[in-house]
Amino acid sequence: MKSVVVTGANRGIGLELVKQLLDSGFRVYATHRSEMGGLANLNNQNLSIHQMDVRDQKAIDELSNSIDGKIDLLINNAGVADGRWQSISEIDMQHALDVIEINSIAPVLVTQKLLNKMSDDSTIVMMSSLMGSISDCMSGRSYAYRASKTALNMFSIAMKNELESQGISILIMHPGWVETDMGGPHAPLSVEESVQGIIQRIEEQTLEMTGRYVQFDGTPIEW
Ligand SMILES: NC(=O)c1ccc[n+]([C@@H]2O[C@H](COP(=O)([O-])OP(=O)(O)OC[C@H]3O[C@@H](n4cnc5c(N)ncnc54)[C@H](OP(=O)(O)O)[C@@H]3O)[C@@H](O)[C@H]2O)c1
């Protein structure tokens, strides 16, 4: 049975990933920061639930110690938005640092600490965004969120160059504009449809594809 770790799994895209991966027969380690949210309603013997803020090194170590055997798939999904600041004058620097810590640095820390459980054929998904694309940036707003996802992309590419020789591949995903708390009620894509696409991208991923930056339906994204 293949094992997957999903961060930020109590709601939104993370929760739907847990549901669909359980249905596909995965052993799922689902993490949540505080509230268990929708995870509390799932009753499946292949599901383990762990409280873990992605910035908390001790909690990541505890998760790692509780996992028997290999991690086939790590989905660094947890993330925060930034308040969509319209102007540089509105940027709250402490909040910007928090966004960058959670969206860019924490996924690298989680990966670093779980890497000893990964080997040949393991895949790491970095939940990025189209908003991390420099060439797609047609407006100024969401400064910190955009920058955090661009930084995540670069961390991921630097990492893929190192991990390729260990047989570990990296998939940088844009889930689409999805109807979640973050995406809002006007998002055109349901969480179910987005996650179906994400899982298809994971299933087709090979080491030769490592470092690709694609949206949920497989369309490549310009950096
Ligand atoms: N929805 C979209 O349209 C869209 C588009 C592009 C990219 N994305 C990306 O997709 C991912 C999931 O987004 P979503 O739409 O599902 O967002 P969401 O509904 O707001 O859920 C975000 C999840 O991340 C968790 N999280 C935030 N900070 C955390 C921390 N420090 N430690 C652990 N967990 C933390 C949240 O936990 P709490 O419940 O405790 O806050 C929640 O489970 C994010 O990385 C986001 O940037 C989303």
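This is a predicted model: local features need pLDDT of at least 70, side-chain atom pairs count only at pLDDT 80 or more; totals for chains, interfaces and linings use all residues.
**Entry 1: helix α1**

I started with α1, which covers residues 12-23. I wanted to know whether its length makes sense. At 1.5 Å a residue, its 12 residues should span 16 Å, and the end C-alpha atoms are 17 Å apart, so the two values agree.

The buried ones are G12, I13, G14, L15, E16, L17, V18, K19 and L21. I then checked what they pack against, and found β1 (3-6), β2 (27-32), β4 (73-76) and α5 (191-204). After α1 comes G25, and its phi is positive, near 95 degrees.

**Entry 2: α3 with α4**

I moved on to a helix pair. Two packed helices are described by the angle between their axes and the distance between the axes, so I looked up both. Helix α3 runs over residues 93-114 and helix α4 over residues 143-163; they pack at about 20 degrees, with axes 8 Å apart. Angles under 35 degrees count as roughly parallel, so α3 is roughly parallel to α4. Their crossing is right-handed.

Which residues meet here? On the α3 side I noted A96, V99, I100, N103, S104, P107, V108 and T111. On the α4 side I noted A144, Y145, A147, S148, K149, A151, L152, F155 and M159. By class, this contact has 12 nonpolar, 4 polar and 1 charged residues.

**Entry 3: α2 with α3**

Helix α3 has another contact, with α2 (residues 57-66). The axes of α2 and α3 come within 9 Å and cross at roughly 35 degrees. This crossing is right-handed. From α2, the contact uses Q57, I60, D61 and S64; from α3, it uses L109, V110, K113 and L114. I sorted the residues of this contact into 4 nonpolar, 2 polar and 2 charged.

**Entry 4: V80**

I found V80 in the loop between β4 and α3. Is V80 buried, exposed or partly exposed? It has 16 C-beta neighbours inside 10 Å, so V80 counts as partly exposed. Leaving aside neighbours within four places in sequence, V80 is in contact with V99, I102 and N103. I also checked V80 against I157: they sit 77 residues apart along the chain, and their C-alpha atoms are separated by 21 Å.

**Entry 5: S135**

S135 lies in the loop between β5 (123-127) and α4. I counted S135 as exposed because it has 8 C-beta neighbours inside 10 Å. What does S135 touch, not counting residues up to four places away in sequence? I found E222 and W223. S135 and W223 are 88 residues apart along the chain, and 6.2 Å separates their C-alpha atoms.

Last, I looked up two loop residues with a positive phi. D121 is not a glycine, yet its phi is positive, about 80 degrees. I placed D121 in the loop between α3 and β5. With 15 other C-beta atoms within 10 Å, D121 is partly exposed.

S142 is also a residue other than glycine, and its phi is positive, near 60 degrees. S142 is in the loop between β5 and α4. Is S142 buried or exposed? I got 20 C-beta neighbours inside 10 Å, so S142 counts as buried. The cut-off for buried is 20 or more.

Terms used: Residues are numbered from 1 along each chain as its sequence is written. Axes are lines fitted to C-alpha atoms, for helices over the stretch in contact, and angles run from 0 to 180 degrees between N-to-C directions. Helices (H or I, at least four residues) and strands (E, at least two) are DSSP runs, numbered from the N terminus. Angles under 35 degrees count as roughly parallel, over 145 as roughly antiparallel, 65 to 115 as roughly perpendicular and the rest as oblique. A crossing is left-handed if the near helix is turned anticlockwise from the far one by less than a right angle, and right-handed if clockwise. Two residues are in contact if their C-beta atoms, placed from the backbone, lie within 7 Å. Ala, Val, Leu, Ile, Met, Phe, Trp, Tyr, Cys and Pro count as nonpolar, Asp, Glu, Lys and Arg as charged, and the others, Gly among them, as polar. The expected span of a helix is 1.5 Å times one less than its number of residues. A residue is buried if 20 or more other C-beta atoms lie within 10 Å of its own, exposed if 12 or fewer, and partly exposed in between; C-beta atoms are placed from the backbone.
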